[in-house]
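Student: I have a model open and want to go through a few of its elements. Can you take my questions one at a time?

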Amino acid sequence: MFDTHTHCRHSHDSKEDPIEMIEYAISQGMDYLAFTDHFDGELTFLPEFDYIPQIDLENHFDEIRALKERYKGKIEVGVGIECGYMKEANNLYLSKLSGFDTDIIINSIHTIEYEDCYMPSYFAKRTKSQAYGAYLKAVRESLDCPYHFDSVGHIGYVVRKSTYEDKALVYKDFADIIDDILKTIIAKGKALEINSQSKGTGLDFLPTTEILSRYKELGGELLTFGSDAHFCGRIGEKYSLVAEWLKATGFKYLFKYLAHKPIAVKL
Ligand SMILES: [Zn+2]
Ligand SMILES: [Zn+2]
């Protein structure tokens, strides 16, 4: 069992001590835990989010790297970051991340058309088709970013705070762009993340099983597992459920990342 996507107190929305998280992961029998704290560089281009502090990258990477050394032999600690994609932030990520020795970088969409899709206002002024369509367009665009990343975070995130009566993001409604996204992920050798933080979506995990099955059909193999835990109790949540579903669907491996190399873990 392992987890490639978690947040400690280096993220503005977590208070958790990374040592406690590592100890918790060890107690659960895990052999790999990555800290992928938020690098919300895109918010520096949106003045209304000035109140959200930016991560101290040096401190984050130094501390997690020190913990990686300290826990060698007990658990593999992944040094990571989660970038919030926005075209305007490309150069920021490119220049700020190049000097650090990291294991895994997750590229995620949290803002769409300069708005935070956690806010009801995002949905109020759009039809479901517009809101989800713009989200998927942003995901597709994020795959062409100039900075390095390993996995594509939580596809379907837009559904979490969606205000429509029927929230479901259905493959057939967006088949062309979803296919384009999945084919591009495969062609670029990136991993598709399975994220077990599915609160508000009515699903067990993201993306939907329909999208994951389509990924398999198109030849996709690289998959990471991430809980997106912001506190100890959620680390590794639903790993077994995800692993069982993948096995039953014909997938053979999940992958964790060290020094940006995928390491296959047999299901
Ligand atoms: Zn995220
Ligand atoms: Zn996250």
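**Strands and a helix**

Tutor: This is a predicted model. Strand E3 and strand E4 (residues 104-108) run parallel and are joined by five bridges.

Student: Which residue stands opposite Asn107 of E4?

Tutor: Cys83 does. Between E3 and E4 the chain passes through helix H3 (residues 90-97), and this β-α-β crossover is right-handed.

Student: And what about E2, how does it pair with E3?

Tutor: Strand E2 (residues 32-39) pairs with E3 in the parallel sense, over eight bridges. Asp37 has Ile81 in E3 as its bridge partner. With helix H2 (residues 57-70), E2 and E3 form a right-handed β-α-β unit.

Student: How many residues of E3 are buried?

Tutor: Eight of the nine in E3 (residues 76-84), so to speak mostly covered.

Student: Switching to H8. Which residues are buried there?

Tutor: Tyr239, Val242 and Leu246, in a helix that spans residues 239-249. They sit on the same side of H8, because the arc they cover around the axis is only 70 degrees.

Student: What do they pack against?

Tutor: The buried residues of H8 pack against strands E8 (191-195), E9 (223-226) and E10 (253-258).

Student: And which ones are exposed on the other side?

Tutor: Ser240, Leu241, Glu244, Lys247 and Ala248.

Student: What follows H8?

Tutor: Gly250, with a positive phi near 105 degrees.

Student: Last one: why does Asp179 count as partly exposed?

Tutor: Because Asp179 has 16 C-beta neighbours inside 10 Å, and a residue needs 20 or more to be buried and 12 or fewer to be exposed. Asp179 lies in helix H6 (residues 175-187).

Methods:
Residues numbered from 1 in each chain as written. Chains lettered and ligands numbered in written order. Predicted model: local features only at pLDDT ≥ 70, side-chain atom pairs only at ≥ 80, totals over all residues. Helix = DSSP H or I, 4+ residues; strand = E, 2+ residues; numbered from the N terminus. Arc of directions from axis to C-beta. Contact = placed C-beta atoms within 7 Å. Pairing = 2+ DSSP bridges. Right-handed = clockwise from strand over helix to strand, strands pointing away.
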